[in-house]
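User: Got a model open here. Can you walk me through a few spots?

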Amino acid sequence: MNPSALSPDQLALQARARELAAGPVAARAAEVDRTEQYPWDNVELLKDAKLVGMTIPTQYGGQGKNWLDAVLAIEALSSACAVTGRIAVETNMGAISAVMAYGSEEQKKMAADMVLAGDKPAICITEPDAGSDANGMTTRADKKGNRYVLNGRKHWITGGGVSRLHLIFAKVYDEKGTFEGIGGFLAIRDETKGLKITKREPTMGLRGIPEAVIDLEDMDVPPSALVIPPRGLKKGFADLMTAYNSQRVGAATVALGIAEGAYRLALDWSEKRHQFGRPINEFQGLQWKLADMSIKLAASRALVHNAARSGEGGFPDMLMAAQAKVFTSESAIQVVNDALQFFGARGYSRELPLERMARDVRMFTIGGGTAEVLRNVVAGALLKKKLPQTRDGWDKA
């Protein structure tokens, strides 16, 4: 993207994030991966640099910045440490953006205060048997008197065990057992009884941020914990998932940042490394690799930035967010693999960050909507029709 398309404030923000990334964030990245410990010290750095809660409106203590502002910071941070970039995503997008759009005043104030204090909210949708098919979730919230009681299991919850604020999706039933729709409930770890972190999954990459199993065992919350969009529960899940478009843009941005960092390493190494008496970037085969990498990065950045801009005054466009995530996540895997190849055996070594980047970037064709499901989203938008995946749905179609 042409830097001149950014405002002076955005250029300053980008420079601030790049300086932080190149300094203390990069210095800690390998340790975060090795120890698999959540980088609370980096959270403090992000707070000091005002890179958390950027998109929270000013009346709630945030900066009221737009999605592109957040993307610029996330991209820079992710080039050095994908875990830190992902923390920046989830303190500016996803669950917090849903609450700020659809929550009550009380919910907004609570969520904003927690995020600005350094909490990374957890969005709890996925279940052991309901991943891509989110509507197939079995977690239920039963109305009992003036309370809701939740039971079920959530799986692959990013931040489980470190996040305090949770936005938990469940099928809602009234006192007569009538289904009312899917709603999101706010709960706080260690304060909301019945919310239990029961397992941490051992992961291939992004090891500094836990992926957990969360069990809800008669979790008891008041009606004020339920986030209800203006269209009510029947349309509420669709509205809340619209907020998830920002999360998809954020996920694409982390992939873009990882790929950018890997490409820069390869570009620099191609001049330093000599074989057969000359720099390896004098060989046409590697020149073409560099060219292809730069093309993928430029196209990915354009898709991500345009998707971010489409959310001005609301949430990013569903089609543009899906296109950006599919293309960027798949291209980033290719760019990182090619960058690693430039280093040969060195790239395969844990002494360099390339092998970590290769593990980290692999998540982004999966989390936040798989590339396959998002292709269905894109096709449905293009054809202007629902594309049901159930057998019954196709029979009816």
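User: Which residues does the "domain: Acyl-CoA oxidase/dehydrogenase middle" annotation cover?
Analyst: Residues 122-218, according to the unreviewed UniProt entry. Keep in mind that the model is predicted.

User: How much helix and strand in 122-218?
Analyst: The span is 0% helix and 55% strand. Its end C-alpha atoms lie 19 Å apart.

User: New topic. Where is D69 found?
Analyst: D69 is in helix α3, which runs over residues 67-78.

User: What is the nearest side chain of opposite charge to D69?
Analyst: That is K65, 4.7 Å away. A salt bridge needs the charged atoms within 4 Å. D69 has none, and yet D69 is buried.

User: Which residues is D69 in contact with, leaving aside neighbours within four places in sequence?
Analyst: Q10, L13 and M54.

User: Staying on α3, at what angle do the axes of α3 and α8 cross?
Analyst: Roughly 145 degrees, and the axes come within 8 Å. Helix α8 spans residues 284-309.

User: Left-handed or right-handed?
Analyst: The crossing of α3 and α8 is right-handed.

User: Which residues meet there?
Analyst: From α3, W67, L68, V71, L72 and E75. On the α8 side they meet R301, V304, H305, A308 and R309.

User: Which ones are the buried residues?
Analyst: In α5 they are A95, I96, S97, A98, V99, M100 and Y102.

Notes: Residues are numbered from 1 along each chain as its sequence is written. This is a predicted model: local features need pLDDT of at least 70, side-chain atom pairs count only at pLDDT 80 or more; totals for chains, interfaces and linings use all residues. Side-chain values use heavy atoms; hydrogens and water are left out. UniProt positions are given in the numbering used here, feature names are shortened, and annotations may be inferred rather than shown by experiment. Helices (H or I, at least four residues) and strands (E, at least two) are DSSP runs, numbered from the N terminus. Buried means under 20% relative accessible area, exposed over 50%, partly exposed in between (1.4 Å probe, protein chains only). Lys and Arg count as positive and Asp and Glu as negative; His and the chain ends are not counted. Contact means heavy atoms within 4.5 Å. Axes are lines fitted to C-alpha atoms, for helices over the stretch in contact, and angles run from 0 to 180 degrees between N-to-C directions. A crossing is left-handed if the near helix is turned anticlockwise from the far one by less than a right angle, and right-handed if clockwise.
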